[in-house]
Amino acid sequence: MQTNMASRQMFLMHTLISACLRGVPPEVEAVAREEGLVPHHAARAVARGRIVIPANPVRPHRLCAIGEGCRVRVNVNIGTSGVRCDEDLEIEKAKAALREGADALMDLSTGGDLARIRRRILALDAPVGTVPVYEAVRRAGSAADVDADLLFKVIREHCRQGVDFLTLHCGVNLDALASLQADPRTMGVVSRGGAFHVAMMAATGEENPLYAEYDYLLEILAEHDVVISLGDGMRPGAFVDATHLAKTTEYLALGHLAKRALAAGVQRMIEGPGHIPADQVGYNVRMIKELTDGAPLYLLGPLVTDVAPGYDHVVAAIGGALACMHGADFLCMVSPSEHLALPDVRDIVEGTRVARIAAHVGSLSRAAGSTRNREIRMAEARRSLDWEKQFEAALFPGEARRIHERDGEIETCSMCGDLCAIKTVREILRVPEERMDP
């Protein structure tokens, strides 16, 4: 599974990282304008691995920059399961997520015609990620029967089909498995991809092929200029498992793998850190960032308590906002049905909105100009009791308008009415209207 050196150099000449080493590619120019960054600074950040732009060249779509200096972005997971397999419903969920402001989608489908479902999702105007080992397990019949040839074949197919980023659990290696066995956890392994690779290693006694043949994997990704999202297969799945050894062993492996990816011209993100107490969020984020030389960090959660099923989207938003304050870059939506069921459209809408709030809070901690300007606009609109401008500044204007108007059209909100503090003090101070306008 080796290509010759000339072929490898040809692949690397066409990656975004190599283009950024030579100048400012058009896609970097575009995202720099959107994020308010200096274009050549953005190009340098891509070349250093501090920003990723998932954009498979075979499929045009709107761009999304993730990482240093950028707003915190939101991903939404969709996909069929073996229990509920409705392609049309998943497309409806994907469209609902994008309407609610999601920046990217991940297809986690495990039931039905996986290639056809993926094609339909890839037709949408957004970056799309997948987890190829899910399809490999379906084809093989069980995780124990997946071999390297099948796994790499599926990875190639996803790249050729136009997937922009792949979650690949390369750090779930024999060392991580030994750590899990030496320091057992209550929940064991909760990552599906992580569990599949554990099953493969247990069945063969051999190393995870994604780790053993990582250079070959990087050649595939460089050929297609696809971002690798280094999966956190050993993330703790329970509050009580946060300090056990397997997670840290995987962190160390991901640090080495991140450096090798960058050297090969492959854009990479890091995933983590799972269920952890709130007071450990900052430490874990900073440790991952240090080990990976500032690679963009992609989080589901972190979930900071396990006892709020039905409200895990709120729990994840709390953890996500904390994580972003310490440097996390990309939040994966958690829905109200997390740990309970496959989400429906309503769950996707609610989860996406709450994740966007967490991302906005995280972006404020980065002093992002456009994010702070929105806060200024809202404050000025509230001071002026200008409801239309308040709705314009709101993250979810339709919902804000619906709630305000349910008691009829009044100058103030119906809670304060004629006792409105803003109106009272404004009249006492007699602030001229021209001073109130920016």
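Start with the largest pocket, which has a volume of about 1000 Å³. The model is predicted; local features need pLDDT of at least 70, side-chain atom pairs count only at pLDDT 80 or more, and totals for chains, interfaces and linings use all residues. Residues are numbered from 1 along each chain as its sequence is written, and side-chain values use heavy atoms, with hydrogens and water left out.

**Stop 1: the largest pocket**

Select N77, L108, R192, L300 and E338. Of the 39 lining residues, these are the closest to the pocket's centre. A pocket here is an open set of points on a 1 Å grid over the protein atoms alone, where a 1.4 Å probe fits, with protein on both sides within 12 Å along at least five of seven lines; lining residues have an atom within 4 Å of a point. The volume is the space filled by probe spheres set on the points, which are joined across faces, edges and corners.

Now colour strand 3 (73–78), helix 10 (192–204) and strand 9 (297–300). These elements each give two or more residues to the lining. Strand 9 provides the largest share, 3 residues. Helices (H or I, at least four residues) and strands (E, at least two) are DSSP runs, numbered from the N terminus.

Colour the lining by class next: 18 residues are nonpolar, 15 polar and 6 charged. Ala, Val, Leu, Ile, Met, Phe, Trp, Tyr, Cys and Pro count as nonpolar; Asp, Glu, Lys and Arg count as charged; the others, Gly among them, count as polar.

**Stop 2: past strand 9**

Go to P302, in the loop between strand 9 and helix 15. A cis peptide bond joins G301 to P302, with omega about 0°.

**Stop 3: helices 15 and 16**

Select helix 15 (residues 312–325) and helix 16 (residues 345–364). They pack at an angle of about 20°, and their axes are 8 Å apart. Helix 15 is therefore roughly parallel to helix 16 (angles under 35 degrees count as such). Axes are lines fitted to C-alpha atoms over the stretch in contact, and angles run from 0 to 180 degrees between N-to-C directions.

**Stop 4: helices 8 and 12**

Move to helix 8 (residues 148–161) and helix 12 (residues 214–224). Their packing angle is about 15°, with axes 10 Å apart.

On helix 8, pick F152, I155, R156, C159 and R160. On helix 12, pick Y216, L217, I220, L221, E223 and H224; these residues make the contact. They divide into 7 nonpolar, 1 polar and 3 charged.

**Stop 5: two loops**

Find D225 in the loop between helix 12 and strand 7 (227–230). Its phi is near 50°, a positive value in a residue other than glycine.

Finish at P273, between strand 8 (268–271) and helix 14 (278–291). The peptide bond from G272 to P273 is cis, with omega near -10°. Most peptide bonds are trans.

Terms used. Contact = heavy atoms within 4.5 Å. Parallel < 35°, antiparallel > 145°, perpendicular 65-115°, else oblique.
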